[in-house]
Amino acid sequence: MPLALFALAVASFGIGTTEFVIMGLLPDIAADLGVTIPAAGLLITGYALGVVVGGPIIAIATAKLPRKTTLIGLAVLFVIGNLLCAIAPDYGLLMAARVVTAFGHGAFFGIGAIVAASLVPHNQRARAMAMLFAGLTLANILGVPAGTALGHAFGWRSTFYVVAAIGLVSVAAISIWVPRTDGLRAPVSLISEFRVFRNGQVWLAMAISVGASASMFSVFTYIAPILQQVTGLTPQTTTWVLLLFGFGITIGNLIGGRLADWKLMATVIGALVLLTAVLAQFTFSSHSPLGASITVFVWGIVLFTLVPPLQMRVIECAGEAPNLASTLNQGAFNLGNAAGAWIGGAALTLGIGYDHLPLVGAALAIGALGIAIASRNMARRETAIACPAE
């Protein structure tokens, strides 16, 4: 794999860290800015909405620029956004800075996935995308815990200064290592970007992304109370189990890249079948510390086995104009995050116990599986389209 992929992974690591590290810093931020913790929690919501809304806007605005130029610009935007977070004097400006930072998130991963695929032979494209997303998974293992510890020790603003420094490293790495080749130039026209949405397979691919993400967040949003109230773990032990999840998603991401280069749709369908089974049995294994720990680890592997092939599916179905579609798929993941958290919360409000919440996630995974099977069957009938049936 070329060094250019390492450059993209560095940026991915920084983006993943800044997105998730704020969860561990909410009490510090709330106390410093004089707001409640629920109000500080809206900084997470604001970021997610920034990804959903900002990604397509950035993709459209940069449609005619070379992709390398766009990636450098997005990395610079990331640095500026995190510096603004670090110096924000009040809650309103911090929220605005978070949204500014989020605007580049979806577009970077969307366009970065296309660039990553262009850097390697055709049969290694999904693995190249997995290298891009590896930065995101490593952020959950290394970046978030380290950033949280740094924020507790030296103040929450120090975390954003360090993340901005990581962003500067990514700007330099992309500038030096990502080549300027024909494969990194923008597609023909903005009209072509919108024309791909006539292809129903693009919509189906994004719908699978929404469903898979919703299945995760309907359960993962409430994983701490599940592990503590159902499994009986202490908060300290819960942290170690979540670290197992981080290792799981890192392994799953790499497995997904390899399998998708072999059989793309077979990987998606197989992973969704396993995801449904893992979530369904979590209802039972959640009552055992060992069973819950193993399940959370396996869940992470199976879940992120889906990420590279789903991104690859959208790009392949979009054909010669993938920028907007690839970026919107990142918004689809975030839309699923928000929908899943809401669905899980609604289920709890209706009286479903924490130990049965994984069944809600399993039901959402079944929905995504149904869409994936329909997409594969449609591709088999429509042999003229570019999307592979397997």
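## A residue in helix α7

Threonine 159 is found in helix α7, which spans residues 156-177. The model described here is a predicted one. With a relative accessibility of 2%, threonine 159 counts as buried, because buried means under 20% relative accessible area. Beyond its neighbours within four places in sequence, threonine 159 is in contact with Val21, Leu25, Gly147, Leu150 and Gly151.

Alanine 146 belongs to helix α6, which covers residues 125-154. At 46% relative accessibility, alanine 146 counts as partly exposed. Alanine 146 and valine 21 are 125 residues apart in sequence, while their C-alpha atoms are 8.8 Å apart in space.

## The chain as a whole

The chain contains 16 helices and zero strands. Its radius of gyration is 20 Å, close to the 21 Å that the globule rule gives for 390 residues, so the chain is as compact as a globular protein of that length. Taken along the principal axes, the C-alpha atoms fill a box of roughly 55 × 45 × 35 Å.

Of the 390 residues in the chain, 56% are buried. Among contacts with a separation of 6 or more, 83% join residues 24 or more positions apart. The chain exposes about 15,100 Å², and carbon and sulfur atoms supply 73% of this area.

## The nonpolar interior

In soluble globular proteins, nonpolar side chains tend to be buried together. In this chain, the largest nonpolar core has 83 residues, and those with the most contacts inside it are Leu8, Phe108, Ile174, Leu272, Leu275 and Trp299. Apart from this core lies another, of 18 residues, among them Ala40, Ala88, Met95 and Ala97.

Which residues does isoleucine 174 contact, leaving aside its neighbours within four places in sequence? They are Ala7, Leu8, Ala11, Lys68, Leu71, Ile72, Ala75 and Phe108.

## Salt bridges

Side chains of opposite charge can pair when their charged atoms come close. The count of salt bridges comes to three, and they are listed below.

| Residue pair | N to O distance |
|---|---|
| Aspartate 32 and arginine 157 | 3.4 Å |
| Glutamate 316 and arginine 125 | 2.4 Å |
| Arginine 127 and aspartate 261 | 3.1 Å |

Aspartate 32 lies in helix α2 (residues 22-33) and arginine 157 in helix α7, so this pair ties together parts that are 125 residues apart in sequence. Aspartate 32 is partly exposed, with a relative accessible area of 44%, and arginine 157 is partly exposed at 23%.

Glutamate 316 lies in helix α14 (residues 307-318) and arginine 125 in helix α6, so the pair links parts that are 191 residues apart in sequence. Glutamate 316 counts as buried at 17% relative accessibility, and arginine 125 is buried with a relative accessible area of 16%.

Arginine 127 also lies in helix α6, and aspartate 261 in helix α11 (residues 235-262), so their pairing ties together parts that are 134 residues apart in sequence. Arginine 127 counts as partly exposed, at 21% relative accessibility.

## A nonpolar patch on the surface

Val76, Ile80, Leu83, Leu84, Ile87, Val100 and Tyr161 form a nonpolar patch on the surface, and together they have about 550 Å² of accessible area. Helix α4 (residues 67-87) gives the most to this patch, with five residues. Leucine 84 lies in helix α4 and is partly exposed, with a relative accessible area of 36%.

How values were computed. Residues are numbered from 1 along each chain as its sequence is written. This is a predicted model: local features need pLDDT of at least 70, side-chain atom pairs count only at pLDDT 80 or more; totals for chains, interfaces and linings use all residues. Side-chain values use heavy atoms; hydrogens and water are left out. Patches are made of residues with over 30% relative accessible area and no salt bridge: like charges are joined within 9 Å, nonpolar side chains (Val, Leu, Ile, Met, Phe, Trp, Tyr) within 5 Å. Accessible areas come from the Shrake-Rupley method with a 1.4 Å probe; for residues, only the protein chains shown count as cover. A salt bridge is a side-chain nitrogen of Lys or Arg within 4 Å of a carboxyl oxygen of Asp or Glu. Helices (H or I, at least four residues) and strands (E, at least two) are DSSP runs, numbered from the N terminus. Buried means under 20% relative accessible area, exposed over 50%, partly exposed in between (1.4 Å probe, protein chains only). The radius of gyration is taken over C-alpha atoms; the globule rule is 2.2 Å times the number of residues to the power 0.38. Contact means heavy atoms within 4.5 Å. A nonpolar core is a set of buried Ala, Val, Leu, Ile, Met, Phe, Trp, Tyr and Cys residues joined through side-chain atoms within 4.5 Å.
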